[in-house]
Amino acid sequence: MTSILLVTSSPRGAESLSTRFAAEIAEGLKARLGGVLLTRDLATNPPPHITEAYIHGRVTPPEARTPEQVKAVALAQQLVDEVKAADVIVLGSGMINFGPSSQLKAWFDHITWPGVTFGYGEDGRPRGTLTGKKVYLVTAAGGVFSEGDWAPFDFQTGNLRHLLGFIGLTDIEIIQVEGTVFGPEAAKAAIAATEAQVRSVLEKAA
Ligand SMILES: Cc1cc2nc3c(=O)[nH]c(=O)nc-3n(C[C@H](O)[C@H](O)[C@H](O)COP(=O)(O)O)c2cc1C
């Protein structure tokens, strides 16, 4: 049975294209592969900014944690458990000020956990532990960053690819929607191009 985790993070609600396309992929995969689909909506239920209680608590033995540390670590554990349980992760991210939303950043701050989701090998290199999973990363941006003058300012895609890889999620397929702020015709064409990408992802998965 395939376990699919859909993580959405855009603060733009029903207008969000990353949420729309990520949901289409997750639901399409479930329809084709069967199994279970869990949704973690970081926009309506955002993880808090991480705190001292979390930073110390996560490296303190469970029996020695303060009540505040227990609470902070419990949320991180839940978020990690959701990723661990998934065979496939569909992650939606909309560009906010050239990077991912702070809601998504907070999720990574919780799941990037030394000794749990990453460690270091004898060669000193980082080793992510969340291996063997497929990730579909849906990124949305108003501008065009895949090529041209603005390409150096995409602090979303590479950032997310690196963070995912650092915790072992290296099998990543990127689905992009970009260039939606240049008028209705450009937006229509951008959305049509992403719809084609989504169809191709689902055809391959069937
Ligand atoms: C607060 C805010 C900041 C944004 N910052 C950028 C930006 O830095 N660069 C950009 O190209 N588009 C920016 N946009 C446009 C969004 O990236 C675009 O609407 C995208 O579709 C958002 O993803 P979503 O559709 O999943 O919500 C911004 C939009 C908002 C609401």
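**The ligand and its surroundings**

Analyst: Happy to! A polar side-chain atom of Ser 16 sits 2.7 Å from an oxygen atom of the ligand, a polar contact being a pair of N or O atoms within 3.5 Å. The backbone takes part as well: an N or O atom of the Met 95 backbone lies 2.7 Å from a ligand oxygen, and for a backbone N or O atom of Phe 98 the distance to a ligand oxygen is 2.8 Å. On its own the ligand exposes 620 Å², and the protein buries 75% of that; these accessible areas come from the Shrake-Rupley method with a 1.4 Å probe.

Before going further, a word on the basis: this is a predicted model, where local features need pLDDT of at least 70 and side-chain atom pairs count only at pLDDT 80 or more, while totals for chains, interfaces and linings use all residues. Residues are numbered from 1 along each chain as its sequence is written, and side-chain values use heavy atoms, with hydrogens and water left out.

The shell around the ligand has 15 residues, of which Ser 10, Arg 12, Ser 16, Ser 18 and Met 95 come nearest; a residue is near if one of its heavy atoms lies within 4 Å. By class, this shell holds 7 nonpolar, 7 polar and 1 charged residues, where Ala, Val, Leu, Ile, Met, Phe, Trp, Tyr, Cys and Pro count as nonpolar, Asp, Glu, Lys and Arg as charged, and the others, Gly among them, as polar.

Now for the space itself. The ligand takes up the largest pocket, meaning that more than half of its atoms lie within 2 Å of the pocket's grid points. On a 1 Å grid over the protein atoms alone, a pocket is an open set with protein on both sides within 12 Å along at least five of seven lines, a cavity is a set of points where a 1.4 Å probe fits but cannot get out, and lining residues have an atom within 4 Å of a point. The largest pocket holds about 350 Å³ of space. Its lining has 21 residues, with Met 95, Ala 141, Gly 142, Gly 143 and Val 181 closest to the centre, and α1 and β6 each give two or more residues to that lining. By class, the lining divides into 12 nonpolar, 8 polar and 1 charged residues.

There is also 1 cavity of 30 Å³ or more. The largest cavity holds about 60 Å³, and its lining includes Met 95, Phe 145 and Asp 154.

Key
A polar contact is a pair of N or O atoms within 3.5 Å; within protein, one must be able to donate a hydrogen and the other to accept it, and residues adjacent in sequence count only if both atoms are side-chain atoms. Grid points are joined across faces, edges and corners, and a volume is the space filled by probe spheres set on the points. Helices (H or I, at least four residues) and strands (E, at least two) are DSSP runs, numbered from the N terminus.
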